[in-house]
Amino acid sequence: MVFHRQKVILIFWLGLLVVFDILLVSSIRITFDSNFGSKHIFFSDHLTTSQKAFHYGKKSLEELDNEFSKEILPSVTLFTDHGDILQTTGIRCEVCHAIARHIKEFLMLNTTQEITIQEGILICSLLRLQTQRVCSEIIPKFGPWVITVLAHSVFSAENLCTKAHLCPKPDIPEKPEIIDLPAPITENHHITVSEKQNDNDDQKMWVVHISDWHYDSEYAEGYEVNCGEPVCCRPPNAFGDKATTPAGKWGDYNCDVPKKLIESMLEFLPTAVPKLDYIISTGDLPPHDVWAETPSTIKENTNQTVNIWRKFFTSAPLLPVIGNHESAPVNSFPTSSISDIASISWLYNTLSSQWNDWLSTDVLESIEKHGFYAAKLPKDNLRVLGINTNYFYKLNLWLLMRPKEEWDPEWMLKWIVNQLDEAEKLGEKVWILGHMSALDQDAFPSIGVYFSQIVARYKDTIVGQFYGHSHWDEFNVIYNKSINDSKEPEAVGVAYIAPSVTSFKNMNPAFRVYEIDKMTKKILNHYTYSMDLQEANRLDKPEWKLLYDAKSLYGLENLEPKSWHDLTEKFIIDTDAYKTFKKTASRNHYLDKYGSCSALDIQCRNRIICKLRGTNSGHGPFSDSELCKKHGWIPHLPDDWFLSAALGKHVNVFVDMDKVDENNKSIDDDDDENDGIVFEGLSKTIVRLIMRFVMGGDDAVCR
């Protein structure tokens with residue numbers, strides 16, 4: 001899910017950028033100055049101009065890494081005291097590796113992390129990016145994680161020395177543009193299922209989709225709604241007469257939801273769906289208090305939520321998947337390839353034990369191993385793939401540490417293809433469940449490309465895709481668009497993105513129901529039910545109502561992919577249809593806001609349409625169209641906003657060249673004290689460099 005426009009987690013890095021850019025960006029001079037040997041080596045250059053406009057923009061660490069190598073490293077020229085270029089003096093790749101190893105070890109020192117955390121808390125508090133309480137809790141939780149990732153990726157010897165052109169590029173296969181997929185099988189090689197849809201009620205299935213619960217056990221009526229922290233309506237904020245805006249009994253728009261709201265929704269379910277076949281939960285169970293979450297609090301929250309499920313989900317199978325808020329720190333899902341450094345097995349084991357009421361042994365074992373699973377439902381000739389979309393997620397910093405050849409994190413895409421191929425041969429239909437659509441703006445663009453190729457290949461097998469994460473009531477159309485193909489993209493799939501249970505932020509709680517053909521497993525229609533939170537608090541009575549059904553609201557003939565594409569075309573020319581979608585997205589007619597779009601302007605509308613078509617920030621099937629071309633974006637800032645960089649910091653690296661064995665003796669051994677490399681002034685500069693490097697992002701930062 002998304003913390004829309006809240007300043008927590010990475011926003012603190014954004015603030016640090018303001019301070020550390022002032023201290024750092026004018027120049028970094030790294031001087032090799034040997035008092036031991038006969039060679040005097042230095043390299044120095046300005047990294048940026050002395051004054052620059054500061055542009056916000058959400059960036060992943062992968063993008064920042066590329067920026068670092070393209071914009072900073074090439075601007076650094078290396079010389080000896082004779083004016084010779086360093087690479088011609090015989091300085092070996094091994095020397096660079098040795099220096100890089102020192103930097104990595106320095107980063108991993110407890111003292112380095114303590115300095116980073118102390119400076120981070122101070123700046124976070126001084127700039128009032130968050131309250132002192134949040135600053136003092138969030139930075140110690142995230143600082144060590146970020147430093148560990150940087151030390152093993154961006155500042156690794158392989159990365160730095162290759163991009164400084166001191167070492168050859170590793171012989172690692174590039175990630176493919178087009179992934180290998182099995183050829184389509186002939187019709188007589190598998191069991192065929194009739195595609196004729198049936199309007200008989202006895203031939204229909206009913207599926208409830210609930211997403212982004214964010215149950216807050218600390219929510220309490222009467223506490224301050226506008227507390228100045230990322231999520232409010234809970235202790236230790238102002239209460240009762242001291243609260244300027246006391247929280248309502250049933251919830252509030254700046255807060256996550258109380259238990260009584262969730263229970264009122266689940267008590268209403270049988271009224272909305274008398275005949276229930278399956279229940280889908282697409283993740284994000286804990287609240288947004290990411291500064292306070294630990295593995296133990298996550299376990300307690302998920303256990304409390306599951307106890308609520310056990311009370312109400314007794315008549316139909318439950319199919320859950322994992323959201324990005326289920327980990328602590330939030331978004332942290334290391335792949336098994338780096339298990340010697342970090343592991344998420346504590347979470348997978350916890351959820352496996354908590355979900356054993358609804359899932360089979362083989363499914364639970366798969367969850368324990370990878371966090372994703374395939375559930376076969378023979379009575380319905382159906383296979384459900386519960387995928388772990390945290391391996392798609394830009395803010396999962398652990399992905400930066402995975403081996404370069406692991407272009408498919410945890411090899412989950414390969415697993416998906418194998419499952420789909422097996423299902424196709426058996427004539428099974430497939431539903432895919434995940435927390436976040438692969439076409440979401442928070443997913444790596446390459447993942448969206450690969451996933452679209454898979455959907456295009458198995459478009460006759462995949463009959464339903466169900467996600468959450470954004471909190472909006474929306475959808476993504478998935479297209480078959482080949483590389484360098486000039487043809488108009490063909491709609492081949494739809495990602496149904498369910499509204500959130502949580503009211504955070506400025507949304508009414510909601511859930512969705514799908515009407516599905518029992519024979520084809522295709523979606524015939526979907527219905528969104530919602531509760532007006534403002535009215536519930538005013539009347540002290542929650543009233544869940546049908547907000548709309550898709551076919552009636554949008555005049556759809558069916559829910560095939562082309563129908564959803566045609567709807568996006570309609571939004572371009574039909575202002576009323578677009579307004580209707582924008583209102584239903586948040587379920588809040590008082591606010592009438594969708595993302596950052598609070599006004600009915602053309603640029604905003606185009607951005608929404610491109611998002612629905614899976615095209616974001618210059619990536620996607622319509623990235624070349626005039627509608628979706630990436631345009632430079634500068635946020636609204638005061639006219640006098642700029643960064644002045646007038647100070648420079650120095651690091652001295654003393655290299656005793658006489659200790660560098662010219663006979664190819666390995667310099668990467670454990671004898672660190674006698675390898676002839678000594679640093680001066682590294683501490684402050686490297687800490688500032690860490691701070692500068694990991695920042696990026698947009699004001700929708702806590703995802």
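Me: What makes Cys-233 and Cys-255 a disulfide?
Reply: Their sulfurs sit 1.8 Å apart, and a disulfide is a pair of cysteine sulfur atoms within 2.5 Å, so the pair counts as one. Bear in mind that this is a predicted model, where local features need pLDDT of at least 70, side-chain atom pairs count only at pLDDT 80 or more, and totals for chains, interfaces and linings use all residues. Residues are numbered from 1 along each chain as its sequence is written, and side-chain values use heavy atoms, with hydrogens and water left out.

Me: Why is the disulfide of Cys-233 and Cys-255 called right-handed?
Reply: The torsion about its S-S bond is about 55°, so it gets that label.

Me: Which hand does the link of Cys-610 and Cys-628 have?
Reply: Left-handed, with -100° about the S-S bond.

Me: Are Cys-227 and Cys-232 buried or exposed?
Reply: Both are buried, meaning under 20% relative accessible area, against over 50% for exposed and in between for partly exposed (1.4 Å probe, protein chains only). A disulfide joins Cys-227 to Cys-232, S to S 2.0 Å.
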